Amino acid sequence: MKVTTIINGNVVKDSQIFPADLVIEDGVISEIRQPSFGKKRGAIIDAAGLLVLPGAIDIHFHCRAPAYPERGDFATETRAAAAGGVTTVFEMPISKPGTSTVEVFERRRALGELEAYVNFGLYAAPARLNPWHIEKMVEAGAIGFKTFLTAAPEGRADEFEGLCAVTDDALYQLLELIKPYEHPAVFHAESNSLLDWFEKRAGGKRVRTLEEHALVRPAVVESAAIAMLIALVMDTGRGVHVAHLSTAEGVAFIGDAQRRGLPVTAEVCPQYLLFTASALGDVGPFGKVNPPIRNSRHQDALWMGLREGIINVIASDHSPFALAEKEETWNDLRFAPPGIASIDVFYPLILDMALRGRFSIAQAVQLVSTRPAMMYKLFPHKGIIQVGADADLVLFDPQGTTVVDRRNWQSRAAPCDRLFSGMELRGRLRQTMVRGEVVFRDGEVVGRRGGGHFVRPQSDEVMEGTVPQVYENPRAGST
Ligand SMILES: [Zn+2]
């Protein structure tokens, strides 16, 4: 049996931060005890002055493997996840071909098991509207469903096969088909017909700046799609999760739906919280994401949505592209592939927000770990530090600082970063552990290719030892 003891750390659990030693046996937390209480066992990790946090679970992650290795693969992008404190990623189904059949699903799982440095789950795409493939992908362990309400971007039809439900009737059928399953159904909510029309109205004009990009893809494109989704949730009773929320109106509609008791949840990404199109300046294609980064009115509403609990999760939407693909589109952002890389700094960005007082450390953990684990049925094995949970952990120095520098990034898309490099973050990520194994330590990936585990939704079992107490020693009284 492999035993590790993390001593002298400050453990973050629920709303509490308290000094404790953690004993890990074969990748699982077996004891949480008062510092210096009892014999130190196995390998010792001294976490003096550090916070011990559950690792982040990024519910929105792309690497597209095995297609386009020049954009990144399971190995490079999960090394980046390890560096960013992310111990589990949920990979979106955009690949070549898209993950919309059980055969593709199984191939991607096998590839991930060979290459991933951190745990990974796989989304299934149900938009072929084929009940057999949906059922088989669920049986194969799909973590959730992902669907675009937009059509495939020009020239990328193969990557999006089975991923798009463009018409309202297709969306309605899709919701009915997936209703028997409890898995979160994630939607990229932008109205395809409005997008087409706004593009046409722009008359083929070149798009040169992020502000122009936000103008040809205005807020109503997202809010109209969200309104339609909510109408269909109301009628079918099937819950939905809105990916990368970007608009004030979207926040309002989702808040209203939640007050009516409808099963609608939403995520936001750091890029929408931290930046506005005008403040980003001249980063051209390197700041292009869909939906676009907008203005401060929308940004303020997203922060409000977080504070009020309308937005339940922060996810990265890490989306690597090759430098050349971005660079060759400086002249016209319409042709730039949408997406930015960020997972190398994901947890540090969120913890910096906490250290600056935007929310508490405990709330940061809720937003990137506990709620994702609960929504996707990985809780209480993941998303919390307690006896019986997997030792997917991050050691974080709240007194340290981090100057973000893409030259240190693991992601293959590191050269594309124009958003985060140069930022001075409060705090410093010191170690990331996956199932008790250190995978990242002081700037270096020390994990193992293939060391990550495939994760699938767990049953509703209640784990033994989930008593809400600070120190947990299952052996107490027996020795
Ligand atoms: Zn995405």
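Gly162 sits in the loop that runs between strand 9 (144–148) and helix 4 (168–178), and that's where we'll start in this predicted model.

**Gly162 and its surroundings**
- Gly162 has a relative accessibility of 13%, so it counts as buried, the cut-off being under 20%.
- Leaving out neighbours within four places in sequence, Gly162 is in contact with Ser100, Ala125, Pro126, Ala127 and Arg128.
- For a sense of scale, take Phe346: it is 184 residues from Gly162 along the chain, and the two C-alpha atoms are separated by 29 Å.

- Eight strands make up an open sheet, in the order 6-7-8-9-10-11-12-13, and the pairing is parallel.
- Strand 6 and strand 13 are the edges, each pairing on one side only.
- Helix 2 (residues 102–115) packs on this sheet, where it touches strand 7 and strand 8 (119–124). The direction of helix 2 makes about 165 degrees with that of strand 8.
- Further along the strand order, strand 10 (residues 185–188) and strand 11 (residues 240–242) run parallel and are joined by two bridges.
- Val186 stands opposite His241 of strand 11.
- Helix 8 (residues 248–259) also packs on the sheet, touching strand 11 and strand 12 (264–268), and its direction makes about 145 degrees with that of strand 12.

**The zinc site**
- Three residues coordinate the zinc ion: His60 through NE2, His62 through NE2 and Asp317 through OD, at 2.0 to 2.3 Å.
- Written as a sequence pattern, the donor residues are spaced H-x1-H-x254-D.
- That spacing ties together distant parts of the chain: His62 is in the loop between strand 6 (56–61) and helix 1 (74–83), while Asp317 is in the loop between strand 13 (313–314) and helix 12 (323–327), 255 residues apart.
- What is the relative accessible area of His62? It comes to 4%, so His62 is buried.
- Asp317 is buried as well, with a relative accessible area of 9%.

**Thr87 in strand 7**
- Thr87 belongs to strand 7 (residues 86–91).
- With 1% relative accessibility, Thr87 counts as buried.
- Not counting residues up to four places away in sequence, Thr87 touches Gly55, Ala56, Val118, Asn119, Asp392, Leu393, Thr432, Met433 and Val434.

- Helix 7 (residues 219–236) has 18 residues; at 1.5 Å a residue it should span 26 Å, and its end C-alpha atoms are 26 Å apart, so the two agree.
- The buried residues of helix 7 are Ala219, Val221, Glu222, Ser223, Ala225, Ile226, Leu229, Ile230, Leu232, Val233 and Thr236.
- Where does Thr247 lie? You'll find Thr247 in the loop between strand 11 and helix 8.
- Thr247 is buried, at 0% relative accessibility.
- The side chains of Thr247 and Glu222 are joined by a polar contact of 2.6 Å, and Glu222 is one of the buried residues of helix 7.
- The Thr247 side chain also reaches the backbone nitrogen of Gly250, at 2.9 Å.
- Setting aside neighbours within four places in sequence, the contacts of Thr247 are Ala219, Glu222, Ser223, Arg294, His298 and Leu302.

How values were computed. Residues numbered from 1 in each chain as written. Predicted model: local features only at pLDDT ≥ 70, side-chain atom pairs only at ≥ 80, totals over all residues. Heavy atoms only, no water. Donors = N, O, S within 2.8 Å, 3.2 Å for Na, K, Ca; no water. Helix = DSSP H or I, 4+ residues; strand = E, 2+ residues; numbered from the N terminus. Buried < 20%, exposed > 50% of the residue type's maximum accessible area, 1.4 Å probe, protein only. Contact = heavy atoms within 4.5 Å. Pairing = 2+ DSSP bridges. Axes fitted to C-alpha atoms, helices over the stretch in contact; angles between N-to-C directions. Expected span 1.5 Å × (residues − 1). Polar contact = N/O pair within 3.5 Å; in protein donor to acceptor, adjacent residues only side chain to side chain.
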